[in-house]
Amino acid sequence: MSAIARNKRRTVYVMIGFSFLVLLIGGALGYFFYDSAISGLILAAVVAAIYMGMMISQSISVVMRMNHAHEVTEAEQPELWHIVEDMALVGKVPMPKVYIIDDPSPNAFATGNDPKHAAVAVTSGIMERLNREEMEGVLGHEISHVRNYDIRLQTVALALSAAISMLVNIGMRSFWWGGGRRRSNNNSEGGNMQIILLVLSLVLIILGPLAASIAQMALSRNREYLADASSVELTRNPQGLITALEKISDSKPMKEADPTSSALYISDPLRKKKGFSHLFDTHPPIEDRIARLQKM
């Protein structure tokens, strides 16, 4: 229960933080391209409201469409359905919708706004490669995301990150279509302070999406450890999730996974090469996750 309460509070903090960043970028956009920070703030508020409304009301259909998933029934996939049903029963959450992604790479994710409006998706590859014990570990992990309200946290972050990307795209199009020329012609009127504000606005427009991505990825990394531990709590069997993670890590990238929702998956579907920094990792290293599970 403490994890649920903590994630509900985090959702509020994330909304405040991301909303503040959206408004900052909007103000910078308006100041740099349209000579009016107020115009940019209004534009940012409208864009953020549209994305938030769309994701809150249609998060499942939007995310599933982005990842080419299709819903299945108990009659179509009885074994998968019953594993999800068992994990939902143990986790004391309503039965989520069940989706399949036709992709040979093993992976899975959960999405939605709350336990009453949730869905889990698995790839065809994970159903082929994992046995029932391993599937229980994976689906216990995803049901834990539902139970802990991780899905709402990630939905909010995804919506506001998309709003930030849209604002930056608007700014870039304005640049190519002549936006900002009026301000560049008036640079001499404001002196050094105006030049400084212009530079700061441009830096914020460029680095804003990067900051949003880093924050979203950090949220994803933190929640994966909690969901792993919660899965063991549900299944009472850490070995199932351990072997599942080993098989998932030993696979090729997914063919059509949506990059903006890659943080939702149990493992990075794009299999990006690890750099010198973990800032841009959507997930903690699988070897670290396995090491923690082995200690349980």
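Predicted model: local features only at pLDDT ≥ 70, side-chain atom pairs only at ≥ 80, totals over all residues.
Trainee: How many residues line the largest pocket, and which lie nearest its centre?

Mentor: The lining consists of 23 residues. Those nearest the centre are Leu158, Ser161, Gln216, Pro259 and Thr260.

Trainee: Which helices each supply at least two residues of that lining?

Mentor: They are α2 (37-66), α6 (150-176) and α8.

Trainee: And how does the lining divide by class?

Mentor: It has 15 nonpolar, 7 polar and 1 charged residues.

Trainee: Let me step back to the whole chain. How many helices and strands does the chain have?

Mentor: There are 10 helices and 4 strands in the chain. Along the sequence, their order is α-α-β-α-β-β-β-α-α-α-α-α-α-α.

Trainee: What percentage of the chain counts as buried?

Mentor: Of its 296 residues, 51% count as buried.

Trainee: New topic: salt bridges. How many does the structure hold?

Mentor: The structure holds 7 salt bridges. In one of them, the side chains of Arg132 and Asp86 meet at 3.1 Å, N to O.

Trainee: Where in the chain do Arg132 and Asp86 lie?

Mentor: Arg132 is in helix α5 (residues 132-147) and Asp86 is in helix α3. The two are 46 residues apart, and the pair links distant parts of the chain. Arg132 is partly exposed, because its relative accessible area is 33%. Asp86 is also partly exposed, at 32% relative accessibility.

Trainee: What about the salt bridge of Arg147 with Glu233?

Mentor: Their side chains meet at 3.4 Å, N to O. Arg147 belongs to helix α5 and Glu233 to helix α8, so this pair ties together parts 86 residues apart in sequence.

Trainee: Is Arg147 buried or exposed?

Mentor: Arg147 counts as buried because its relative accessibility is 16%, and buried means under 20%.

Trainee: Which residues are linked in a network of salt bridges?

Mentor: That network links Arg223, Glu224, Asp228 and Arg289. Within it, the side chains of Arg223 and Glu224 meet at 3.9 Å, N to O. Both Arg223 and Glu224 are buried.

Trainee: Now the backbone. What is the phi of Lys92 near?

Mentor: Phi of Lys92 is near 60°, a positive value in a residue other than glycine. Most residues other than glycine have a negative phi.

Trainee: Where does Lys92 lie?

Mentor: Lys92 lies in the loop between α3 (78-91) and β2 (97-101). Lys92 counts as exposed because its relative accessibility is 76%.

Trainee: And what of Arg236, where phi is a positive value too?

Mentor: Phi of Arg236 is near 60°. Arg236 lies in the loop between α8 and α9 (238-249), and its relative accessible area of 70% makes it exposed.

Trainee: Last one: which residues form the nonpolar patch on the surface?

Mentor: The patch is formed by Ile195, Val199, Leu202, Val203, Ile206, Leu207 and Leu210. Together they have about 560 Å² of accessible area. Val203 lies in helix α8 (residues 187-235), and it counts as partly exposed because its relative accessibility is 38%.

Notes. Residues numbered from 1 in each chain as written. Heavy atoms only, no water. Patch = residues over 30% accessible without salt bridge, like charges linked within 9 Å, V, L, I, M, F, W, Y side chains within 5 Å. Areas by Shrake-Rupley, 256 points an atom, 1.4 Å probe, with all protein chains shown as cover. Salt bridge = Lys/Arg side-chain N within 4 Å of Asp/Glu carboxyl O. Buried < 20%, exposed > 50% of the residue type's maximum accessible area, 1.4 Å probe, protein only. 1 Å grid on protein atoms, 1.4 Å probe; cavity = no way out; pocket = protein on both sides within 12 Å on 5 of 7 lines; lining within 4 Å. Nonpolar A, V, L, I, M, F, W, Y, C, P; charged D, E, K, R; others polar.
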